[in-house]
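The following note records points for discussion on the two-chain structure shown below. Each point may be read beside the coordinates.

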Amino acid sequence: MSLQAHEYAPSINLPCHLTLTHPPAGQRYDIIIHANATTSNYWLRVGTGGGTCDGPNANAANIRSIFRYAGAASGEPNSTAAAPLPTGCYDEAVTPHVKTSVPQKIPEEMKVGFTNTAGSGNLVQWLVNGSPMLIDLAYPTLQHIIDGNDTFESRRNVFKLGEKDQVRVVHHPWA
Amino acid sequence: MSTDVPQWQYWIIQQDAVVDGPAVPHPIHLHGHDFYVLDQAANTVWSGDISRLKTDNPIRRDTATLPAAGYLVLAFESDNAGVWLMHCHVPFHVSAGLGVQFIERMDEIKESNGGLAGVEEGCKNWKTWEREFVGARNGSVLIEGDSGL
C-alpha cells in the first residue's frame, strides 16, 4: 500500500509495500491498497506497540481483519505475517505535499508529570504544569465566555492565547 | 469578521523525569487546528536551541507523539477563535488529567461560528438533566480522578 495523506494533509507518496508501524492513538492515514496479489483471502494485522505505547495487550496477536479479493473462496485466510509485528510507538516520517515554512521563534514550555498519589488511595493522575485537568460539567468554559467571566480555577488547565497585542502563549494556568 | 492578526504559537511539551510512574509516549492531539511538528526527542530535556527546530516544510498534522521522557515542540497559528482542547489521545490518560484547554482570541468567540445560541441551549438542557438525574443522587457524574474528558 502507499500513503497519500496524514490527518487530511496530503503527503508526498511513500513507496509501495509500505508497512505502517504502530500509529499512536488518534493518528489517521489515508492509504491506497494496490490489489495486485493472487486472488485469495488475506489478514490485515494491527500491532499495538509491543506494550510500549499504552500498555500491554493480552490479545495483541488477534487484532485482525480480512481482505477478500472478489472471487476468492469464503473462509479464513491462511496468510502469515511477513515479519514480526512492529513494536514501539513512533510517528511516520512523512513530508507534506504543500510546502510551508514556519518562523523560527522561542517556544513556551509546559511540563507533563505523573503522580499516583494525588487524592486518596492510589489514584493515578497525569499532570500538566503540576495540575491534572478537571473540568466543571456544571459551568463549561464557553459559559464563562458568554458571561464575560475570565476567571478560572487552576485545575481547569486554561491557557489564553491569540489576543490583541499578545504574541506569546500564557502558559501558566490562572490561579 | 476577524479583527486580530493570527499569531504563531509555539509550545514545548516536556515530560518530566518520571520518579514513580511509567515513562511512556503520549499521542498529543489538538482540537481546532493542525499543528507543525518542529522537534521531538525521547529521554532528553529540550535544550532551548532553536536551530534544532525544523521550520522548513515540517510535518503538519493534529496528533503527534510526545516521546517517552522526552519532549515535543509544536507550532500553530491562532487563526480559529474558540475554546479548544489539547490532550493525550490515550483515553485513560486524558481521563486521568492529561489535557489543557486554550481560549483563543477570546474577544471574538461570541461572534464567531454563528454565535453561541446553540451552546446556551445545550447548557440549559444539560442543567435540567443534571438537576433531575444526577444532583439528587451524588452531585456529580464524575468519580474522583476523572477529568470529565
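1. From the N terminus on, chain B runs β-β-β-β-β-β-β-α-β-α-α, a total of three helices and eight strands. Helices (H or I, at least four residues) and strands (E, at least two) are DSSP runs, numbered from the N terminus. Chain B has a radius of gyration of 19 Å, well over the 15 Å that the globule rule gives for 149 residues, so chain B is more spread out than a compact globule. The radius is taken over C-alpha atoms, and the rule is 2.2 Å times the number of residues to the power 0.38. Along the principal axes, the C-alpha atoms of chain B fill a box of roughly 55 × 45 × 20 Å.

2. The model is predicted: local features need pLDDT of at least 70, side-chain atom pairs count only at pLDDT 80 or more, and totals for chains, interfaces and linings use all residues. Residues are numbered from 1 along each chain as its sequence is written, while chains are lettered from A and ligands numbered from 1 in the order in which they are written.

3. The domain assignment of chain B, whose bounds come from an automatic or database source, gives domain 1 (8-104) and domain 2 (110-139). The C-alpha centres of these two domains of chain B lie 31 Å apart.

4. Helix α3 of chain B covers residues 117-134. Its 18 residues reach 25 Å from first C-alpha to last, close to the 26 Å expected at 1.5 Å a residue; the expected span is 1.5 Å times one less than the number of residues. The number of buried residues in α3(B) is zero, so the helix lies largely in the open. A residue is buried if 20 or more other C-beta atoms lie within 10 Å of its own, exposed if 12 or fewer, and partly exposed in between, with C-beta atoms placed from the backbone.

5. Chain A has one helix and eight strands, in the order β-β-β-β-β-β-β-α-β. Buried residues make up 19% of its 175 residues; in chain B they make up 40% of 149. Two residues are in contact if their C-beta atoms, placed from the backbone, lie within 7 Å. Among contacts between residues at least 6 apart in sequence, 54% in chain A join residues at least 24 apart, and in chain B 78% do.

6. How many residues does each chain bring to the contact between chain A and chain B? Chain B gives 70 residues and chain A gives 65. Strand β1 (residues 8-15) of chain B gives the most to the side of chain B that touches chain A, with eight residues. By class, that side has 35 nonpolar, 20 polar and 15 charged residues. Here Ala, Val, Leu, Ile, Met, Phe, Trp, Tyr, Cys and Pro count as nonpolar, Asp, Glu, Lys and Arg as charged, and the others, Gly among them, as polar.

7. Strand β8 (residues 158-161) of chain A and strand β8 (residues 99-104) of chain B pair in the parallel sense over four bridges, where pairing requires that DSSP find at least two bridges. A:L161 stands opposite B:E104 in β8(B).

8. A:N129 is in the loop between β7 (125-128) and α1 (141-147) of chain A and counts as partly exposed, with 16 C-beta neighbours inside 10 Å. A:N157 lies in the loop between α1 and β8 of chain A and counts as buried, with 28 such neighbours.
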